[in-house]
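Hi there,

I'm passing a structure over to you, together with some notes on what turned up in it. Have a look at it first, and then read on.

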Amino acid sequence: MGNLLAVSTKRLTKAFDGKEIIHGCNMTVEKGTVYGFVGKNGAGKTTVFKMLLGLLRPTMGEATVLGMDSVRDRSEILRHTGSLIETPIFYEHLSAADNLKIHLAYMGIENTDLENVLTLVGLANIGTQPVSTFSLGMRQRLGIARALVHKPELLILDEPINGLDPVGIIEMRELFHTLVRQENYTILLSSHILSEVEQIADRIGVIVDGTVIQEISPAEIKEKHPAGIEDYFIKVTNGGKANE
Amino acid sequence: MNKLISLELKRNSLKSYHISVVITTVIMLGFLYLLAAIPKMDPADTDAELFMSYNFIIGLSNVVCMAIFSIMSAVMASKFIVEEYTGKKAILLFSYPIERKKILEAKILTVFSYTAFSMIVCGGFILTVFLGTERLFPLCSDTISLGMIWDSILSLLCYSFIAALLGVISLWFGFMKKSISVTIVASCIIVSVICQIMGMSLFYRPVIISTLAATLIIAVLAWSNLHYQVKRMEV
Ligand SMILES: Nc1ncnc2c1ncn2[C@@H]1O[C@H](COP(=O)(O)OP(=O)(O)OP(=O)(O)O)[C@@H](O)[C@H]1O
Ligand SMILES: [Mg+2]
């Protein structure tokens, strides 16, 4: 059972300066699926992702990623995971291809068809212009390319479609589907665009004030909340208030 | 480790440092001739007697060289290290599946060896040119001896390592505050203290050796504390 899970957290807790931002967070992501992580601003999505990647240490509880402990097996997890956290950071004076090359060298992987990966994310023929000249959406695309280029098993993408144009969003949706269906990737992504999450995700996790309060499939949402996913989101994130 | 260092160099170009090394070399060469010429400019000045010994003028030029190179080292450290660990940039560094301390070591080693090596090359070049012309057309009334050449080389080596070690120490200050300017200001302050000590002791060899030993110990402490900080850093 355990090896069917790409990510699982148990009572994961993170406090900053004594204040618990994430508490008792349990979530499970099955392998070979897309998991959409939604929640209001400041609910703790980015913080959870950072703990999964070993960028933050849990105050309590544990996170298991690809069967490994997020603190103890940090390097091994990073080797098999591609990530995009908030707005991606690059070596600004270098080209897209050079950024990917450096990334691959650190990942310990050679001989990847960079042009192919750049084409996948819609940056074909980007040439040698430095990343500092890129637009917001181009950076986002390059960030996704970097997450993919070393052929990981798991993608952890924090707001990957942020800043993409409508066509870009559709392209990414298709790319994510292809990766999961044909190449057996697992994708954990967060987004504020609920309609998109509904279309992309096999399962949706809702985080409210640092706790995942519900994990549900889009089909179930449709069934139980005929008024749509936005209505569902408002009800769930406002707790009992919407039921008054 | 070699691979990590070459990756550092791939994204941080050394070109501007090469240029500053060349400029420093030219200026220091001029400075050395100036020192040698001081007694000739004002024969009445009795203090100028000091400038009649190779030991003194080469010692002084080595100290000034050390000051310049240790500040260059701090500039380099702030670019290669402080900046890359500041703010969100650290997310990138910490996302690589490589032990955090290895990346830090590669960075420190790059800056350290570049400083020490370039200062040795710069100082060696100056010394060779200066002593070459001194043999043919002496400015200084002192005599060139094998022992004196040996002393100069030894002092150059010591100061080169001190310069590189001071870079690590100022890095520690800058890293604590995650600030490029703190790194450079710390370096200026530390280096002026060391220059004072050297000046007062008239480049007495035991003082140089003890300074080297002291900076080595402090730099090692700084280095291990940096390891600790980087290991625990959260971004
Ligand atoms: N390093 C930190 N120190 C103190 N508080 C922090 C830190 N990082 C995050 N927080 C707090 O944790 C909370 C959750 O932040 P997080 O970035 O995880 O939210 P999010 O769900 O990703 O929000 P958004 O949708 O706006 O991206 C916020 O209240 C934030 O202020
Ligand atoms: Mg966020």
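The side chain of A:T9 makes a polar contact with the backbone oxygen of A:C25, at 2.8 Å. Please keep in mind that this comes from a predicted model. A:T9 sits in strand β1 of chain A, which covers residues 5-16. With a relative accessibility of 4%, under the 20% cut-off, A:T9 counts as buried. Beyond its neighbours within four places in sequence, A:T9 is in contact with A:C25, A:N26 and A:M27, as well as A:L52, A:E62 and A:A63.

Next, helix α6 of chain A, residues 166-183. Its 18 residues, at 1.5 Å a residue, should span 26 Å, and the end C-alpha atoms lie 25 Å apart, so the two values agree. Which residues of α6(A) are buried? They are A:G168, A:I169, A:M172, A:R173, A:L175, A:F176, A:L179 and A:V180. Because these residues cover an arc of only 165° around the axis, they fall on the same side of α6(A). The face turned away from that buried side carries the exposed residues A:P166, A:V167, A:R181 and A:Q182. As for what covers the buried residues, the list includes β3 (34-38), α4 (114-120), α5 (136-148), β7 (154-158), β8 (186-190) and α7 (194-200), in chain A.

At its start, a side-chain oxygen of A:D165 comes to within 3.1 Å of the backbone nitrogen of A:V167. Just after the helix, A:N184 adopts a positive phi of about 60°.

One residue of α6 in chain A to pick out is A:L175. It counts as buried because its relative accessibility is 7%. Leaving aside neighbours within four places in sequence, A:L175 is in contact with A:L120, A:V121 and A:L148. A:F16 is 159 residues from A:L175 along the chain, and their C-alpha atoms are separated by 36 Å.

Finally, the nonpolar cores. The largest has 106 residues, and B:I57, B:I81 and B:Y85 have the most contacts inside it. Helix α3 of chain B, residues 54-82, supplies the largest share of this core, with 15 residues. Back in chain B, the contacts of B:I81 beyond four places in sequence include B:L104, B:K107, B:I108, B:V111, B:L171 and B:F175.

Happy exploring, and do write back with any questions.

Best wishes

Methods: Residues are numbered from 1 along each chain as its sequence is written. Chains are lettered from A and ligands numbered from 1 in the order in which they are written. This is a predicted model: local features need pLDDT of at least 70, side-chain atom pairs count only at pLDDT 80 or more; totals for chains, interfaces and linings use all residues. Side-chain values use heavy atoms; hydrogens and water are left out. Helices (H or I, at least four residues) and strands (E, at least two) are DSSP runs, numbered from the N terminus. Buried means under 20% relative accessible area, exposed over 50%, partly exposed in between (1.4 Å probe, protein chains only). A polar contact is a pair of N or O atoms within 3.5 Å; within protein, one must be able to donate a hydrogen and the other to accept it, and residues adjacent in sequence count only if both atoms are side-chain atoms. Contact means heavy atoms within 4.5 Å. The expected span of a helix is 1.5 Å times one less than its number of residues. The arc is that of the directions from the helix axis to the C-beta atoms. A nonpolar core is a set of buried Ala, Val, Leu, Ile, Met, Phe, Trp, Tyr and Cys residues joined through side-chain atoms within 4.5 Å.
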